[in-house]
Amino acid sequence: MNLLTAKEIRKSFTDRELFSGIDFSIEEQDKTGVVGVNGTGKSTLLRILAGVEEPDEGEVVKGNRVYVRYLPQNPEFPEGITLYDYVVTANRTEDNEWSIAGEGKEILNLMGFENENEVIDHLSGGQKKMAALAAALTAPCDILLLDEPTNHLNSEMILWLEQALIRRKGALVMVTHDRYFLDRVCNRIVEIHRGKLYQYQTNFEGYLEAKTRREEQEQAAYRKNRNILRIELEWMRRGARARSTKQKAHIQRYEALKGATKAPVQDQKVEMNTVSSRLGKKTLELSGITKSYGQETLISDFGYAFRKKDRIGFVGPNGCGKTTMMKIIMGLEEPDRGEVIKGPTVKIGYFSQENEYLDPGQKVIDYIRDTAEYVQTEDGSISASMMLERFLFDGALQHSLIGKLSGGEKRRLYLLKVLMEAPNVLLLDEPTNDLDIQTLAILEDYLESFPGILIMVSHDRYFLDKTASRLFAFEGNGILRQYEGGYSDYLEARQQEEKAKDLSEPEKKTLSGKTEKVKTAKLKFTWQEQKDYETIELEIEEIENEISGLEKKIERAATDFVELNRLTQEKEAKEKLLEKKMERYLYLSDLADQIAGQG
């Protein structure tokens with residue numbers, strides 16, 4: 001069932017056209033992700049669909065009794081309104097009168113709000129965004145429009161929201177940079193690119209594959225037309241022997257090809273050649289860092305000596321102290337105890353969660369030139385103007401006023417300025433907020449080759465998986481715990497810890513408030529576990545021998561492509577089986593140790 005249709009939509013801002021002649025429709029079961037480079041009009045499209053902004057041309061037709069709820073990037077609130085009134089009272093209808101209070105209170109509680117009567121004016125920016133999200137999720141609607149819903153949410157809340165949107169009935173359209181989120185929630189991706197709209201009936205991974213195929217087809221069609229045009233051009237240069245109907249048709253075909261054969265415009269790349277200063281042997285060390293606010297201890301006696309090329313991430317719930325840690329490292333806040341020891345060559349670049357003040361009356365090029373006119377990269381000396389071009393700021397945009405940029409473009413400009421300072425220790429506090437997916441992908445590639453120390457705070461699971469090699473998790477009462485790997489590795493380690501806790505002897509509180517031990521049965525192998533434990537080492541040895549034999553066969557079949565392909569696939573299957581057996585072996589060995597430790 002069609003809920004909403006946008007026809008022939010065009011929208012411009014001053015001298016800049018965002019899109020023209022685009023069509024967009026929303027069906028009942030659509031869960032649509034809108035993607036595109038910052039400044040292409042993603043948020044504007046959502047505002048037009050929501051009816052809070054009018055297109056320059058075209059129309060939006062909404063079905064009868066179709067209700068739309070819109071969550072902007074920066075929501076506004078009536079002065080003096082409480083959380084309860086904003087989330088519950090404002091969304092109460094005759095149909096949900098008996099359920100809305102319970103639903104609203106449950107969501108507020110899940111988001112960490114303990115006092116539902118608190119005035120929203122008193123909340124932080126992140127808390128206000130969560131309050132607006134709670135209201136949007138509670139509101140009865142047919143179409144839910146979300147603009148960057150994961151900004152300011154911690155990782156646990158993002159996982160909760162992900163599942164809530166997957167289960168939710170009704171249409172969804174959202175703008176987000178969170179790639180795992182897009183992939184798991186959406187069944188349709190819409191890309192705004194150079195004023196056009198491309199639609200893909202798939203999730204984010206499928207979109208990447210389909211877009212690659214489309215661009216390859218465009219390139220193939222261009223090459224084919226170029227070859228035909230070259231032949232036609234040679235014919236034209238020889239001159240038509242006669243102006244017959246046949247020859248005239250030939251000339252007309254040449255003219256048509258000449259006008260139509262243009263190279264497909266490729267995506268601009270945010271090329272970020274490594275810009276950094278030399279880092280000496282003595283780098284950066286945190287010694288006994290302790291920080292409290294009132295009765296709450298955020299960091300307690302934390303120490304760590306950073307090594308060259310360290311990729312360190314800090315994770316934890318909102319308000320736990322991650323940004324405080326970054327500010328202490330940067331020297332913007334003093335610890336209660338402990339010290340930050342910096343080597344003589346350390347040069348810190350700080351990409352903060354909130355942009356520094358950007359003068360709306362200053363030109364883009366002047367803002368970057370204030371930092372450096374030229375920088376040294378692997379490619380040699382590069383001017384501020386050239387670096388801006390690599391960050392998608394073309395000649396016209398470079399001489400535009402900063403006040404005319406979108407929020408994402410300002411964020412990208414601020415990132416460029418930080419990198420132009422040539423740091424060798426890079427602090428990134430929520431770097432993925434408001435950056436488009438293309439910029440994030442190139443930033444991640446850049447960070448792989450960054451020769452200095454990288455320290456980051458992020459709730460973006462994909463970003464941490466690609467960039468971090470070690471995480472420190474804030475676990476309450478000032479305790480930071482070290483985990484190896486990226487976010488998925490951290491999550492798996494936490495899950496294993498939870499399983500181990502479930503196996504240990506728990507405590508429970510009775511209704512009277514007394515704590516008593518719960519009698520737990522002794523650990524023991526199940527019948528299948530006992531059988532596996534007795535045979536698994538032999539099975540692993542057999543698989544390893546089979547893999548060794550396949551490797552020898554592969555060497556002998558080097559010239560037989562068909563046999564080589566079959567053997568390679570068989571070897572890969574055996575290696576996957578070996579990996580599973582090893583995981584099972586580790587689990588059973590650990591369980592055997594726990595059983596032995598009982599008595």
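Colleague: Which strands does helix α16 lie across?

Modeller: In this predicted model, helix α16, spanning residues 487–503, lies across β12, β19 (470–474) and β20, and the helix runs at about 115° to β20.

Colleague: And what is the strand order in the sheet with β12, β19 and β20?

Modeller: The order is β14-β17-β18-β12-β19-β20, an open sheet of six strands with mixed pairing, and the edge strands, each pairing on one side only, are β14 (348–351) and β20 (480–484). From one strand to the next the twist averages 15°.

Colleague: Do β12 and β18 run parallel or antiparallel, and how many bridges join them?

Modeller: Strand β12 (residues 311–315) and strand β18 (residues 453–457) run parallel and are joined by four bridges; F314, for instance, has V457 as its bridge partner in β18.

Colleague: Which helix lies across β14 and β17?

Modeller: That is helix α13, residues 407–420, which runs at about 175° to β14 while lying across both β14 and β17 (425–429).

Colleague: Switching to packing, which residues have the most contacts inside the largest nonpolar core?

Modeller: Those are L146 and L165, in a core of 45 residues, and the largest share of this core, eight residues, comes from helix α4 (residues 125–138).

Colleague: What is L165 in contact with, leaving aside its neighbours within four places in sequence?

Modeller: With those neighbours set aside, L165 is in contact with K31, L137, L144, L146, L172, F181 and V185.

Colleague: How many residues are in the second core?

Modeller: The second core, which is separate, has 43 residues, including F391, Y414, V418 and M420.

How values were computed: Residues numbered from 1 in each chain as written. Predicted model: local features only at pLDDT ≥ 70, side-chain atom pairs only at ≥ 80, totals over all residues. Heavy atoms only, no water. Pairing = 2+ DSSP bridges. Helix = DSSP H or I, 4+ residues; strand = E, 2+ residues; numbered from the N terminus. Axes fitted to C-alpha atoms, helices over the stretch in contact; angles between N-to-C directions. Contact = heavy atoms within 4.5 Å. Core = buried A, V, L, I, M, F, W, Y, C linked by side-chain atoms within 4.5 Å. Buried < 20%, exposed > 50% of the residue type's maximum accessible area, 1.4 Å probe, protein only.
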